[in-house]
Amino acid sequence: MATFKEFRNNVKPNWCPGCGDFSVQAAIQRAAANVGLEPEGLAVVSGIGCSGRISGYIKSYGFHGIHGRSLPIAQGVKMANRELTVIASGGDGDGFAIGMGHTIHAIRRNIDITYIVMDNQIYGLTKGQTSPRSAAGFKTKSTPDGSIEQAISPMELALSAGATFVAQSFSTDLKDLTAIIEAGIQHKGFSFINVFSPCVTYNKINTYDWFKENLTKLATIEGYDSTNREMAMQTVMEHDGLVTGIIYQNKDRQSYQELIPGYAEESLTKAELQLSQESFDKLASEFM
Amino acid sequence: MINQLSWKVGGQQGEGIESTGEIFSIALNRLGYYLYGYRHFSSRIKGGHTNNKIRVSTAQTRSISDDLDILVAFDQETIDVNYKELHGGGIIIADAKFNPVRPEDAKAAMYAVPFTEIAADLGTSLMKNMVAVGASSAVLELDINVFSEVVGEIFGRKGEQIVQKNMDAIKAGYEYMIEKLGDKVGAMKLEKADGKKRLFMIGNDAIALGALAGGCRFMAAYPITPASEIMEYLIKKLPALGGTVIQTEDEIAAATMAIGANYGGIRALTASAGPGLSLKMEAIGLSGITETPLVIVDTQRGGPSTGLPTKQEQSDLMAMIYGTHGEIPKIVMAPSTVEEAFYDTAEAFNLAEEYQCPVIVLSDLQLSLGKQTVEPLDYSKVEIRRGKLVTGELPALENGEYFKRYEVTEDGISPRVLPGTANGIFHVTGVEHDETGKPSESAGNRKAQMDKRMRKIEQISFKNPVYKNAPHEEADLLIIGFISTRGVIEEAMARLEADGIKVNHTHIRLIHPFPADEIHPFVDAAKNVVVIENNATGQLANIIKMNVGNVKKIKSILKYDGNPFLPHEIHSQCKELVENGYIQRVPQ
C-alpha cells in the first residue's frame with residue numbers, strides 16, 4: 001500500500017511561501033494514502049489559477065484543464081473509468097465565478113467524485129482582483145473603492161442544490177482537513193469540500209489570524225447533526241458560513257452512476273468496442 | 001406511368017404534419033422507392049406553417065425537386081405559400097373544412113376533400129391525416145394495404161381497434177379521392193419499385209449509428225437544433241452497451257466532459273450546431289494541445305448567433321477549420337451523403353485516437369434532418385483502430401519521473417497511456433508542456449512540442465478525401481461542393497451534360513487538412529470552376545483558392561436564404577458561367 005510520500009513528485013510548487021495551498025496538497029496526499037489508494041488509481045483534475053497547479057504537484061494521473069472546467073472534465077474521467085478515484089480541484093474564481101454553472105450542476109448530478117475548492121477570496125495568479133468570495137467593501141485592484149457585490153455563500157448554495165456531502169475546512173488544520181478529504185473520497189456521490197486557503201500576498205483581510213478568530217468548528221457545537229439538512233443550513237447562515245467540519249452528508253441517496261440504467265459495473269474502458277454483426281443488423285433494421 | 005414525383009404536406013406546426021409524411025414515406029420506402037425529404041419548419045412548437053416535401057423515385061435521389069406534383073393542405077396558408085411550386089399537371093388536395101381557395105394564378109387543379117369530417121365520422125378528427133394519406137394514395141394509385149404494416153407498428157400498442165380505425169380512415173380517403181378524380185385516376189401512377197429493403201433515415205440517425213459502430217460508448221451533449229436527434233438516439237441505445245448520455249448544463253460542459261471521458265480511455269462524442277460550437281472552441285483548443293482525442297459533430301444551421309435555427313446553411317466552415325485561439329492539429333471531415341455520414345463518423349473515432357486530436361464531423365441541416373432512402377450499410381467496412389494506445393505492462397519509472405506521454409517522435413504521435421495504468425503516470429495540461437506533460441515555457445521545448453503536434457496530421461491517411469464524378473479529361477466546367485449539395489449538383493450536372501456542356505464534379509469530404517493534390521488536377525483540367533455553397537462569403541471557394549491557387553478561375557454560386565439549392569438554380573447559373581465566362585445573375 002502506498003504511503004503519502006509516494007504521492008509526492010519532484011516538482012516544486014510555484015506557490016508563494018506561506019500559501020494555504022501547500023497544506024491542501026499535503027492533505028490530499030495523506031488522505032489518498034490513508035484510504036489505501038495507489039498513485040495510478042487516482043486522477044486529480046484541476047482548473048486554472050494558483051490552486052489549479054495542484055494536479056501537477058501530486059504524483060497521480062493529473063489533468064490541468066481550462067479555467068472553470070475542472071468539474072466537467074473530472075466527471076467525464078469518472079464516467080469513463082469508475083474504478084478511478086477522481087478529485088477535482090481549483091480556486092474560488094474557478095469554481096464560483098467562471099465555473100459556477102458546472103459547480104451547481106455537478107452537485108445536483110451527484111457523480112461520485114470529490115471537489116476541493118481552495119478558497120482565498122481573491123484572484124491571486126492575475127495579481128489581486130476581486131473574487132465572488134470577496135466580501136462587500138473588499139478593496140482590490142478591480143474594486144479600488146471596495147466591492148459593491150455580495151459574496152457568494154458556497155455552503156448555502158451547495159445545500160440548496162441538493163448536495164449529498166458538504167464540508168468546509170481550514171488549510172492549517174491539516175489533521176481535520178485530511179480526515180474530511182478521506183470522508184469525501186469515501187462518500188458515494190459528489191463530495192464538495194471548501195477549504196479556506198489564505199492568500200498571503202494579495203489578501204490582507206482574510207488572513208490566517210482572521211480565520212483563527214472567526215471560524216467555528218462544528219465539533220464544538222453541541223448536538224450538531226450533519227445528517228440534518230435544515231440544521232446544516234441554519235448553522236451555516238447563523239455563522240455567516242464561517243464553520244468547519246462536515247456540514248451535511250446524505251448517505252441514502254444513490255450516486256448518479258448507481259442510478260444510470262445499464263451502466264457498466266466495471267470501468268467502461270473494458271467494454272468491447274466492436275458490435276456483433278447480429279446486433280448491428282438489429283440496429284440497422286429499425287430504420288427499415 | 002411516371003418514375004418520380006414530389007409530394008408535400010403542409011399545415012400548422014403541431015398538427016400532425018410530421019406523422020402524415022412519416023406514414024406515407026415509410027410505406028413507400030418499403031415498396032422499394034427511393035425517397036428524399038425536406039422539412040420546412042420554424043423554431044417553435046405549436047403554430048407556424050410547416051411542411052414536409054418528399055420526393056419519391058424509382059432511382060436513387062438526393063435532391064429536392066424544382067417543382068411539386070401533389071400538395072396536401074391542412075390550411076389555406078399551405079396553399080398560399082406553396083402553390084407556385086406546383087406545375088400544370090399538379091394537384092392540391094385540401095381539407096374541405098377550411099373552405100380552401102385556389103389562387104387565381106394557380107396552375108394546378110384543386111380538390112377539396114373533407115379530411116376532418118371523414119375522420120370525425122369514423123371516430124375522431126385526429127385521424128384527418130390518415131384520410132389525407134389515403135387520398136394521396138389514390139392519386140398515385142397505390143394499393144392501400146401497403147399502409148397496414150406501418151399503421152400497425154405506430155398504433156399497435158393502442159390496440160387493434162385503433163389500428164383498424166386508422167386503416168378505415170386511409171381507405172375512406174382513398175375511396176373518396178378515387179371518385180373525385182374520375183377519369184384522371186392513373187395520371188400520376190408510379191412505376192412499380194424494385195421492392196428491395198433499404199434503410200430510411202436522417203443523417204443524424206446515421207451519425208449516431210456510426211458512432212455506435214465506431215465504438216462510442218458515451219456522449220455529453222446539450223440540446224440544440226438540428227443536432228439533438230443524435231443524443232436522443234444514443235440515450236436509447238447506449239445502456240445496452242454499458243454506456244450512457246449525459247445532458248450537460250451547457251455546451252462547454254458537454255465538450256469538456258467528452259474530453260475527460262476520452263482521456264479516461266473511452267470513445268466519447270459531443271455534437272451541436274454553430275451556437276454550440278462557438279462555446280466549444282476553448283475545449284477544442286484543450287483537446288488540441290493536450291492531444292486528447294475528441295469527436296465533435298457540427299450540424300450546421302443558419303448563423304450567425306441564433307441565426308436561422310431551423311434552416312439550411314454551410315457557414316461554419318472557416319470557424320471549424322481555424323476555430324479556437326492559437327494553433328492546433330485538427331481534422332475536419334464533411335460527409336456528403338447519409339451513407340458517408342455513417343462511415344465517416346465511425347472513422348472519426350479512429351482518426352481521433354490515431355492522431356490524438358479533435359476531429360470535427362461537419363454536417364448541415366439538410367443532411368442531418370433530410371429523411372431519405374439509404375442503401376444498406378456495410379458494418380464489415382467499419383474497423384476499430386486505436387493508434388499508439390499502450391496496452392501492455394510498462395517498465396517502472398525512475399526516481400519519480402513521469403511517463404513521456406508527449407515524447408517527441410518522428411511522426412509527431414506519442415504513445416498514449418490511460419489513467420489507471422501502473423508506471424504510466426503523466427501530467428496533462430493546457431499550458432505548454434514538456435514530454436512528460438509538465439509545464440514548460442522554454443523556447444526550445446515550445447518549438448519542439450508545437451512542431452510535433454502540427455506534424456501529426458501532415459501524414460493523415462484518409463480514404464477517398466474527395467468524391468469524384470469526373471467523366472471528362474478536359475471539362476468545360478468543374479463543379480465543387482461539400483456536404484448535402486451532392487445530390488442537387490448531380491442533378492444539375494445531368495442537365496448541363498444534356499445541354500452539351502462537359503461537366504466534372506468533385507465533392508470535398510476531407511476539409512482539413514485540405515486534399516490539395518487531389519483537387520488540383522481537376523481544377524487545371526477545367527475551363528471554368530464553380531464552387532457551390534450555402535453561405536454568403538464563399539468560404540469553401542476561399543479555402544480552395546488558398547490551397548490550389550487559380551484565384552481568378554474559381555467562381556462561386558452561393559445561396560444563403562435558408563433554403564437548400566434547387567437543381568434549376570445550379571443548372572441555369574452554371575450554364576451562364578460556361579456561356580459568358582461569368583455569372584451575372586445575383587443568386588436568391
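This is a predicted model: local features need pLDDT of at least 70, side-chain atom pairs count only at pLDDT 80 or more; totals for chains, interfaces and linings use all residues.
User: How many residues of chain B are in contact with chain A?

Analyst: Chain A brings 49 residues to the contact. On the chain B side, the number is 56 residues.

User: Which element gives the largest share of the side of chain A that touches chain B?

Analyst: Helices (H or I, at least four residues) and strands (E, at least two) are DSSP runs, numbered from the N terminus. At least two residues each come from β2 (61-64), α2 (70-80), α4 (100-109) and α10 (277-285) of chain A. The largest share, eight residues, is that of α2(A).

User: Which strand of chain B pairs with β2(A)?

Analyst: Strands pair if DSSP finds at least two bridges between them. Here there are three bridges, in the parallel sense. G62(A) stands opposite H427(B). The partner of β2(A) is strand β15 (residues 427-429) of chain B.

User: Is β13(B) mostly covered or mostly exposed?

Analyst: A residue is buried if 20 or more other C-beta atoms lie within 10 Å of its own, exposed if 12 or fewer, and partly exposed in between, with C-beta atoms placed from the backbone. In a regular strand the side chains alternate between the two faces of the sheet. P358(B), I360(B), L362(B) and D364(B) on one side are buried, as are V359(B), V361(B) and S363(B) on the other. Strand β13 (residues 358-364) of chain B, with seven of its seven residues buried, is mostly covered.

User: What is the hand of the crossover from β12(B) through α12(B) to β13(B)?

Analyst: Strand β12 (residues 331-333) of chain B runs parallel to β13(B), with three bridges, and V332(B) has I360(B) as its bridge partner. Helix α12 (residues 338-355) of chain B has 17 of its 18 residues buried. A crossover is right-handed if, with the strands pointing away from the viewer, the path from the first strand over the helix to the second runs clockwise. This β-α-β crossover is right-handed.

Technical notes. Residues are numbered from 1 along each chain as its sequence is written. Chains are lettered from A and ligands numbered from 1 in the order in which they are written. Two residues are in contact if their C-beta atoms, placed from the backbone, lie within 7 Å.
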